[in-house]
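Visitor: Could you walk me through this one, starting with how its helices pack?
Guide: Gladly; have a look at it here, and ask whatever comes up.

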Amino acid sequence: MYNFIVNPNSQSGNGLKIWKKLEGELINRNVKYMVHFTKRPKHASQIARELTKDNKKTTIIILGGDGTTNEVINGIENPDTVTLGYIPTGSCNDFARGYGLPLKPLDALDVVLNNAHYIRPVDNGVVVTDNGSTKFCSNGGFGFDAVISQKALKSKLKKFLNRIKLGKLIYVFILLKELFFYKPMDATVTIDDKTYLFNRLYFVAFTIHPYEGGGMKICPDANPFDQKIDLCVVYDIPKLKILTLFPLIFLGKHVNLKGVKVFQGHNATIKMSKPTAVHTDGESYGKHKSLSLKCTPDQVKLILNK
Ligand SMILES: Nc1ncnc2c1ncn2[C@@H]1O[C@H](COP(=O)(O)OP(=O)(O)OP(=O)(O)O)[C@@H](O)[C@H]1O
């Protein structure tokens, strides 16, 4: 039996339309399922908690964007009893990209339902701050990239752009506006006991798989099965050069440029000279001065395309 957690509001309301199409397919194929609609932010965590609290084997299929996937991961009580499937209906869908899953919902449903798939334990990260911790399944950011993501979440323009299937453009608009005001800061980054000092740091992106922000290969060599966190630090670059950097990130060609450093490790600690924005999977995690990162030892299993 499949438990579908559906965010009808993903991609600014398209989630519901997509679910209706998929539900027709489930009925045609005589598939046994239950559907649980999310009714508000964080509700996906609550649903996932309810579905997994009794330690029985459960299959959960997420229909939503990266934010919904983050909420489900954070709600699951006993990760090793859970098999996850994923139908991307968000505006970024980096989780699907990171695991080579189809971006078209009907094709993604096919991966879940057909026997031509395999199931593998996958990495999830955890961010620990002074105020608590949260898990992430794709990526996060500390600094300027988190400012962009937090502003995008509040943007009314995002809704409009999603409606005309250009949701990703919002990040370009906000980048251009916020870059003008952003003040880079000093920071230290410690990876597996080695500490690096950065001046004029813009942001540290941290990832499980290569993708962030709707297809940017921010850490091209990240491997979602290696129990390591990958980091990309951007620092000490003139602001105008940052603009030329972003198109290169889509191709993963930024990593050897001056002002960009990529790292990989089991543990990382980042300390900023002042509190700054944090995002996890595109969702806001407030402002912090320091945080630590690692992969969770307990892994969920994910249905993957052969
Ligand atoms: N019924 C609902 N009404 C309003 N918001 C909801 C509802 N259900 C979930 N949400 C919120 O919707 C937000 C966006 O969801 P999600 O990230 O899945 O889609 P997206 O923003 O379109 O995709 P992406 O993260 O890939 O850009 C999440 O923060 C979630 O908490």
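Visitor: So at what angle do helix 6 and helix 8 cross, and within what distance do their axes come?
Guide: In this predicted model, the axes of helix 6 (residues 144-154) and helix 8 (residues 169-181) cross at roughly 120° and come within 9 Å. Helix 6 and helix 8 are therefore oblique to each other, since an angle over 145 degrees would be needed for roughly antiparallel and 65 to 115 for roughly perpendicular.

Visitor: Left-handed or right-handed, that crossing of helix 6 and helix 8?
Guide: The crossing of helix 6 and helix 8 is right-handed.

Visitor: And which residues meet there, in helix 6 and in helix 8?
Guide: On the helix 6 side they are Val-147, Ile-148, Lys-151 and Ala-152, and these meet Ile-170, Tyr-171, Ile-174, Leu-175 and Glu-178 in helix 8. Sorted by class, this contact of helix 6 with helix 8 has seven nonpolar and two charged residues, with no polar ones.

Visitor: Now helix 1 and helix 5: how do they pack?
Guide: Helix 1 (residues 14-28) and helix 5 (residues 105-113) pack at an angle of about 40°, and their axes are 10 Å apart. Helix 1 and helix 5 are therefore oblique to each other, and their crossing is right-handed. Helix 1 makes the contact with Ile-18, Leu-22 and Glu-25, while helix 5 brings Pro-105, Leu-106 and Leu-109.

Visitor: Switching topic, which residues come nearest to the ligand?
Guide: Of the 23 residues around the ligand, the nearest are Pro-41, Gly-65, Gly-67, Thr-68 and Gly-90. By class, the shell around the ligand has three nonpolar, 14 polar and six charged residues.

Visitor: Which helix gives the most to that shell around the ligand?
Guide: That is helix 3 (residues 66-75), which gives four residues to the shell.

Visitor: What is the packing angle between helix 2 and helix 3?
Guide: Helix 2 (residues 43-52) packs against helix 3 at an angle of about 40°, with the two axes 7 Å apart. That makes helix 2 oblique to helix 3, and the crossing is right-handed. Ala-44, Ser-45, Gln-46, Ile-47, Ala-48 and Arg-49 in helix 2 meet Thr-68, Glu-71, Val-72, Asn-74 and Gly-75 in helix 3; the residues of this contact divide into four nonpolar, five polar and two charged.

Methods:
Residues numbered from 1 in each chain as written. Predicted model: local features only at pLDDT ≥ 70, side-chain atom pairs only at ≥ 80, totals over all residues. Axes fitted to C-alpha atoms, helices over the stretch in contact; angles between N-to-C directions. Helix = DSSP H or I, 4+ residues; strand = E, 2+ residues; numbered from the N terminus. Parallel < 35°, antiparallel > 145°, perpendicular 65-115°, else oblique. Left-handed = near helix turned anticlockwise from the far one by under 90°. Contact = placed C-beta atoms within 7 Å. Near = placed C-beta within 6 Å. Nonpolar A, V, L, I, M, F, W, Y, C, P; charged D, E, K, R; others polar.
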